[in-house]
Amino acid sequence: MSTQLEIEDISANYGREPVLTGVSLSVDAAQVTGIVGPNGNGKTTCLRAISGLMPRMSGVVRLNGERIDRLAPEQIARRGIIHVPQGDLVYKKMTVRDNLLVGGTMNPNRAVTADRLEHVLTLFPRLRERLTQTASSLSGGERRMLGIGRGLMAAKMQLLMLDEPSLGLAPLVIDQIYEAINNLSQEGLAILIVEESVERIAATARHLSLLSHGEFVWSGPPAELLASDALAETYLGV
Ligand SMILES: Nc1ncnc2c1ncn2[C@@H]1O[C@H](COP(=O)(O)OP(=O)(O)OP(=O)(O)O)[C@@H](O)[C@H]1O
């Protein structure tokens with residue numbers, strides 16, 4: 001399995017306090033990798049560091065062996081790193097179709113955009129049924145699908161990063177979102193997901209890393225984390 005993304009010894013901060021201290025991680029193609037851990041421990045910051053959104057950081061980020069940590073966010077996006085942030089950042093007054101087309105504005109031509117649109121609508125049939133509706137009329141789950149779908153309109157996709165894709169959704173909708181994630185992974189995409197809950201991501205991820213106070217304190221297969229009372233008690237408060 002080829003390694004798509006490697007981060008090495010990343011430290012980052014917003015102000016005086018370090019938020020990440022020397023974290024390293026790799027993400028393989030055709031696999032789902034998860035970062036889990038309690039709120040406020042640096043999970044989102046980790047994704048932001050990969051996307052080039054952390055001006056105060058050190059360490060190395062490589063995509064397919066090439067360093068990208070000195071590139072601007074838009075250059076990193078053009079290399080194929082898709083970052084779907086937490087919350088549903090959709091344009092509420094625009095239709096589902098137009099929201100998706102916004103995701104394809106950097107594409108080289110219309111044929112690529114048409115191809116991507118068909119891919120997204122196959123992945124999320126609900127969006128096909130609602131193409132001409134405004135985003136404001138969608139349910140929470142449909143809005144989440146639209147946010148992910150907009151990211152997937154990009155011409156180049158090397159790594160998909162999702163920040164808490166299940167947040168605030170009903171279990172049935174979470175299952176649908178994770179089914180789409182599984183399909184994307186089977187198509188060969190490397191996927192990195194931040195989730196607070198280990199249970200939510202355990203069946204999908206091949207590998208999890210547990211972030212606590214800005215450091216990875218454990219990495220391994222999800223079953224190992226679920227089976228460890230000591231890890232769960234110490235770091236997850238369960
Ligand atoms: N823009 C910012 N400016 C200053 N501090 C920030 C900023 N964003 C996050 N922080 C702080 O950095 C720390 C890590 O936040 P981060 O969002 O990465 O954690 P998280 O594990 O993803 O938690 P959550 O799931 O709640 O987003 C927190 O203490 C947070 O308050």
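This is a predicted model: local features need pLDDT of at least 70, side-chain atom pairs count only at pLDDT 80 or more; totals for chains, interfaces and linings use all residues.

The secondary structure of the protein comes to 10 helices and 10 strands. Along its principal axes the C-alpha trace spans about 50 × 40 × 35 Å. Because a compact globule with 238 residues would have a radius of gyration near 18 Å, the 17 Å of this protein agrees with that expectation. Buried residues make up 40% of the 238 residues, and among the contacts between residues at least 6 apart in sequence, 69% join residues that are at least 24 apart.

The protein is divided into two parts, of which domain 1 takes in residues 3-80 together with 156-236, while domain 2 covers residues 90-154. The centres of domain 1 and domain 2, taken over C-alpha atoms, are separated by 24 Å. Where the two meet, 13 residues from domain 1 and 11 residues from domain 2 take part in the contact. On the side of domain 1 that touches domain 2, the elements giving two or more residues are strand E7 (159-163) and helix H7 (171-186), and it is H7 that gives the most, with five residues. Sorted by class, this side of domain 1 has eight nonpolar, three polar and two charged residues.

We can now turn to the sheet. It is an open sheet of four strands, in the order E2-E1-E4-E5, and its pairing is antiparallel. Strand E2 (18-28) and E5 are the edge strands, since each pairs on one side only.

How many bridges join E1 to E2? There are seven, and the two strands run antiparallel; within this pairing, Leu5 stands opposite Val27 in E2. Strand E1 (residues 3-13) is also joined to strand E4 (residues 57-63), by six bridges and again with the strands running antiparallel, and here Leu5 stands opposite Leu63 in E4.

Arg62 stands opposite Arg67 in E5. E4 and E5 form a hairpin with two residues between them, and Asn64, which lies in the turn, has a positive phi of about 50°.

Terms used
Residues are numbered from 1 along each chain as its sequence is written. Two strands pair if DSSP finds at least two bridges between them. Domain bounds come from an automatic or database domain assignment. Two residues are in contact if their C-beta atoms, placed from the backbone, lie within 7 Å. Ala, Val, Leu, Ile, Met, Phe, Trp, Tyr, Cys and Pro count as nonpolar, Asp, Glu, Lys and Arg as charged, and the others, Gly among them, as polar. The radius of gyration is taken over C-alpha atoms; the globule rule is 2.2 Å times the number of residues to the power 0.38. A residue is buried if 20 or more other C-beta atoms lie within 10 Å of its own, exposed if 12 or fewer, and partly exposed in between; C-beta atoms are placed from the backbone.
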